[in-house]
Each structure stands twice: as C-alpha cells, then as structure tokens.
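Please look through the structure below, with its sequence alongside.

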Amino acid sequence: MAFNVAVVGATGNVGREMLSILAERAFPVAKVHAVASERSAGAEVSFGETTILKVEDLDRFDFKGIDIALFSPGAKVSAVHAPRAAKAGAIVIDNTSQFRMDKDVPLVVPEVNPQAIAMMEKRGIIANPNCSTIQMVVALKPLHDIARVKRVVVATYQSVSGAGREAMDELFTQTRGIYVNDPMKHERFTKQIAFNCIPHIDIFMDEGSTKEEWKMAAETRKILDGDIAVTATCVRVPVFIGHAEAVNVEFERPISDTEARNALKAAPGVIVIDHRNDEGYVTPAEAAGEDAVYVSRIRRDPTVPHGLNLWVVADNLRKGAALNAVQIAEVLARDHLAAGQRRRSAG
Ligand SMILES: NC(=O)c1ccc[n+]([C@@H]2O[C@H](COP(=O)([O-])OP(=O)(O)OC[C@H]3O[C@@H](n4cnc5c(N)ncnc54)[C@H](OP(=O)(O)O)[C@@H]3O)[C@@H](O)[C@H]2O)c1
C-alpha cells in the first residue's frame with residue numbers, strides 16, 4: 001500500500017529534511033507534494049537523489065486525496081491550514097507548537113508513547129513535540145521505567161537552525177561580519193548570536209520563564225508522566241545544527257550509573273558514547289546528520305539520594321523535528337491507515 005503525502009513548509013529547514021528522510025527511509029509514497037507559501041510557488045525542491053518536485057502554493061492547495069500531511073509552516077499558518085487538511089480527510093502531523101497542548105491532539109515520540117497516536121481520531125491531527133523535549137524524553141524514558149523520574153533540572157545549548165533558515169543565515173553573516181568589520185545587525189535573534197550565548201528562546205511568560213522553557217516542562221509531562229517536575233533554562237548558542245542538554249535527574253528509587261548506562265544502551269533510538277577520555281562523549285557537530293539521541297557523561301549526582309547527570313545531544317532538524325514526524329507517519333501507515341485508509345474514505 002502506498003500513500004499520498006503532502007509536505008507543507010517544504011522549502012524550510014524542517015520541510016527539506018522531511019522530504020529527504022521520507023526518501024531515505026523509503027516511506028511508501030504514491031505521490032508526494034511539496035507545499036509552501038505563494039512566495040516560493042513554482043520553485044523546485046529535491047525528493048531523494050533523483051526526483052525534483054515543483055513547490056505548490058498552500059493557499060490554493062486542495063488536500064482532498066492526501067493521506068498524510070506533514071506540516072512545518074509556522075504555528076499561525078498551521079492554525080488555519082492543518083484543520084482544513086484534516087477536514088479534507090488527511091491525517092496531519094504538525095511540527096509547530098500550535099496543537100501540542102490541545103487535549104484532543106496526541107503529542108508523540110514513537111520511542112516513548114506510540115500508543116497515543118490512536119487518539120488522532122478526534123481531530124485528525126498529531127503533534128510533534130518541541131526539538132528540545134524530544135531528545136530529552138527519549139533519554140529519560142528507559143530510566144523512568146526503572147526508577148521513576150521525580151524531578152529534572154535541564155540547561156539547553158540550542159543551535160540556530162532551531163529558529164529556521166534565516167536564523168542560520170544570521171549566524172553566518174554576523175560571524176563573517178565580525179572579521180571584516182561590518183556593522184552588527186540582528187533581526188532573528190534578540191542580541192548578537194555570533195561568538196555569544198542568548199538565554200532567551202521564544203517569548204517571556206508572566207512568571208519569568210521563557211515559553212521554550214515552559215514547553216519542555218509541559219510537553220514532558222504530557223508525553224512521559226504528568227507527575228514529573230521539570231525546570232529548564234534554554235539557551236541559544238552559535239552552533240548551526242545540533243542541540244545539547246545538560247540534564248540532572250532525581251529519581252524516586254535507587255539507580256546506579258551502570259544500571260542507567262545499560263538501560264540506555266538497550267533503549268530504542270539511543271546511542272551511548274560514554275568514556276572518560278577525550279573522545280568519550282558526543283558534541284552537536286558530531287550529531288548533525290545523524291538519527292540517534294546520543295547520551296554521554298552519565299554519572300551519579302551525590303547531592304541527592306537518587307540522582308544522575310547526563311549529557312544528551314541530537315540533530316534538532318532530524319530527531320528533533322523531521323525524523324520524529326516521519327517515524328510517526330510510519331506507525332500511522334503500519335498500524336492505523338493500512339487497513340482501509342480510514343481518513344480518506346471518511347473525508
Ligand atoms: N527547526 C527546528 O529544529 C524545529 C523543530 C521543531 C519544530 N519546528 C517548527 O517547525 C516550523 C518550521 O521551522 P523551520 O525551521 O523549517 O522554519 P523555516 O526554515 O523558516 O521554514 C519555514 C517554512 O514555512 C513556509 N511558510 C512560511 N509562511 C508560510 C505561509 N504563509 N504559507 C505556507 N508556507 C509558509 C516557508 O515557505 P516559503 O519558503 O514559501 O517562505 C518555509 O517552507 C516552525 O513552526 C518551528 O517552530 C522547528
């Protein structure tokens with residue numbers, strides 16, 4: 001069985017990655033549509049090594065006959081067009097923050113809560129979590145199963161690609177500009193990002209956290225366990241691709257660093273690289289282009305009864321966004337749509 005797929009936001013960082021991962025993993029497509037704004041209608045994007053797709057304008061795009069629509073055009077655009085696609089019979093997998101906390105929309109990381117996908121029946125929409133949340137819950141899940149996570153204190157080191165194509169250009173332009181004495185301009189970031197770190201991702205909330213920090217807490221509870229306390233500090237760093245996280249975890253029950261290392265080694269989607277030497281840990285530059293969530297620096301936190309520290313790194317455009325979305329599509333295709341392509345006939 002093959003599926004008609006639309007990739008909405010196909011010219012962006014996440015959309016391009018979705019097209020390449022669909023091709024790499026040989027997702028069973030009948031036809032793929034690349035969709036973006038009117039600005040890029042008619043432009044060309046690659047699907048795999050040999051296929052070129054012409055970009056179609058979202059405002060004019062008819063979702064009738066589309067089985068799966070992978071969305072990453074920004075929250076405001078998804079708010080309008082994802083329900084329109086679902087109404088036409090497509091199942092939407094949305095990468096934006098628009099529907100993540102909607103109680104009728106499942107928020108899914110396939111290694112953690114694939115069973116939640118069944119809940120998509122209600123609105124025809126499945127939400128992909130925030131990039132920082134995804135890599136953290138993939139690492140926490142096997143540890144939670146053994147010793148129950150009670151509290152997490154996390155500091156993130158997030159790459160500029162998490163803020164889109166133009167943000168990557170801004171880091172490049174500022175970095176070059178510093179060497180040739182060009183005046184410093186910042187548009188996508190609140191301050192200079194080249195040779196700097198910015199503890200401000202998304203808007204400030206009333207109690208002083210940023211929305212990115214709030215998302216990590218709220219999304220972790222929705223995906224993994226409603227009782228877990230999470231406090232985050234999210235920082236943008238001058239790295240192009242790959243997010244890193246220093247994660248301190250407090251557990252209800254005892255867990256040694258050896259037990260944690262063994263559980264993580266056996267967990268789906270995780271690769272443990274953890275040796276106490278110069279090569280014994282993974283950095284964002286090494287994780288870029290890779291599918292796994294890498295866990296390094298696993299060690300006991302002696303300041304609490306049952307505590308561990310971890311260093312967690314992943315490619316934010318792949319596992320943090322596009323790969324996770326395609327993995328959801330794979331479960332959907334295998335377990336939910338294959339038996340009669342329900343939504344299409346319902347539409
Ligand atoms: N980057 C990440 O790590 C990451 C992770 C998780 C979630 N997300 C979310 O995914 C979304 C996209 O991120 P990105 O990094 O891919 O951004 P991006 O590189 O800036 O790309 C944005 C895409 O959305 C399209 N778009 C913008 N306005 C549109 C409109 N009015 N109608 C149709 N298409 C429109 C753009 O098309 P044009 O070329 O025509 O402008 C482009 O294809 C954001 O909501 C982001 O929060 C990103």
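An oxygen atom of the ligand lies 2.9 Å from a backbone N or O atom of Val14. This is a polar contact, that is, a pair of N or O atoms within 3.5 Å; within protein, one must be able to donate a hydrogen and the other to accept it, and residues adjacent in sequence count only if both atoms are side-chain atoms. A polar backbone atom of Asn13 is likewise 2.9 Å from an oxygen atom of the ligand. The ligand is surrounded by 28 residues, of which Thr11, Val14, Ser37, Arg39 and Ser40 are the closest. A residue is near a molecule or strand if one of its heavy atoms lies within 4 Å of it.

The model is a predicted one, in which local features need pLDDT of at least 70 and side-chain atom pairs count only at pLDDT 80 or more, while totals for chains, interfaces and linings use all residues. Residues are numbered from 1 along each chain as its sequence is written, and side-chain values use heavy atoms, with hydrogens and water left out.

Next comes the interior. In soluble globular proteins, nonpolar side chains tend to be buried together. A nonpolar core is a set of buried Ala, Val, Leu, Ile, Met, Phe, Trp, Tyr and Cys residues joined through side-chain atoms within 4.5 Å. Buried means under 20% relative accessible area, exposed over 50%, and partly exposed in between (1.4 Å probe, protein chains only). The largest nonpolar core has 57 residues, and Phe63 and Val152 touch the most other members. Helix H3, residues 131-147, gives the most to this core, with eight residues. Helices (H or I, at least four residues) and strands (E, at least two) are DSSP runs, numbered from the N terminus. Another core, of 38 residues, lies apart from it and includes Val5, Ala10, Phe47 and Ile126. If residues up to four places away in sequence are not counted, Val152 touches Met136, Leu140, Ile228, Ala229, Val230, Thr231, Val247, Asn248 and Val249. Here touching is contact, meaning heavy atoms within 4.5 Å.

How many aromatic pairs does the structure hold? There are five. Rings of Phe, Tyr and Trp (its six-membered ring) pair if their centres lie within 6.5 Å; planes under 30 degrees apart count as stacked, over 60 as edge-to-face and the rest as tilted. Phe63 and Phe71 are a stacked pair, because their ring centres are 5.8 Å apart and their planes are at 25°. Phe63 is buried at 1% relative accessibility, and Phe71 is buried at 0%. The aromatic pair of Tyr179 and Phe195 is edge-to-face, with 6.1 Å centre to centre and 80° between the planes. This pair links distant parts of the chain, 16 residues apart: Tyr179 is in helix H4 (residues 165-180), and Phe195 is in the loop between H4 and helix H5 (211-223). Tyr179 is exposed at 66% relative accessibility, and Phe195 is exposed at 52%. Ring pairs also link Phe61, Phe63 and Phe71 into a cluster.

Phe195 is not a glycine, yet has a positive phi of about 55°. Asn181, not a glycine either, has a positive phi of about 65°. Asn181 is placed in the loop between H4 and H5 and is exposed, with a relative accessible area of 71%.

The last stop is another loop. Asp274 sits between strand S11 (270-272) and helix H7 (284-287). Is Asp274 buried or exposed? With a relative accessible area of 15%, Asp274 is buried. The side chain of Asp274 makes a polar contact of 2.8 Å with the side chain of Arg261. A polar atom of the Asp274 side chain also lies 2.9 Å from the backbone nitrogen of Arg297. Tyr281 is found in the loop between S11 and H7 and is partly exposed, at 36% relative accessible area. Beyond its neighbours within four places in sequence, Tyr281 is in contact with Ile273, Glu286, Ser296 and Arg297.
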